[in-house]
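Please consult the sequence and structure shown here.

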Amino acid sequence: MDKLKKVLSGQDTEDRGGLSEIVEAASLSSGTRIKGFIACFAAGILCSLLGTLLLWVPRKGLYLFAVFYTFGNIASLGRLKSALSANP
């Protein structure tokens, strides 16, 4: 009955879905986005270079190259996500 009174009086605040609450809570400032961009950029370059250098290690070099180069590419994708996010 109370809900009906709130709706009729115009005081009903519609309960938003969980996804919209998560999006609002996860919004970042532009300074934080720039710091994330720089951190992901540095991590991506470091992992890619380390993977390339580890390519020459005997026996496990190819495996280490694949792991570190993959992490470098994932960090580069994170860099783009932090820079091109829709929420300013």
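**Aromatic pairs and a helix end**

Phe 37 counts as partly exposed, at 30% relative accessibility (buried is under 20% relative accessible area, exposed is over 50% and partly exposed lies in between, with a 1.4 Å probe and protein chains only). The model is predicted: local features need pLDDT of at least 70 and side-chain atom pairs count only at pLDDT 80 or more, whereas totals for chains, interfaces and linings use all residues. Residues are numbered from 1 along each chain as its sequence is written, and side-chain values use heavy atoms, leaving out hydrogens and water.

**Aromatic pairs**

- Two aromatic pairs are found in a search of the whole structure (ring centres of Phe, Tyr or the six-membered ring of Trp within 6.5 Å; planes under 30 degrees apart are stacked, over 60 edge-to-face, the rest tilted).
- Phe 37 and Phe 41 form a stacked pair, at 6.5 Å centre to centre and 10° between the planes.
- Both residues lie in helix α3, four residues apart, or about one turn (helices are DSSP runs of H or I with at least four residues, numbered from the N terminus).
- Phe 41 is partly exposed, with a relative accessible area of 40%.
- Phe 65 and Tyr 69 are stacked because their ring centres are 5.2 Å apart and their planes are at 25°.
- Phe 65 and Tyr 69 are four residues apart in helix α4 (residues 61-83).
- Phe 65 is partly exposed at 22% relative accessibility, and Tyr 69 is partly exposed at 36%.

**Leu 54**

- Leu 54 belongs to helix α3 (residues 30-54).
- Beyond its neighbours within four places in sequence, Leu 54 contacts Gly 61, Leu 64 and Phe 68 (heavy atoms within 4.5 Å).

Terms used. Helices (H or I, at least four residues) and strands (E, at least two) are DSSP runs, numbered from the N terminus.
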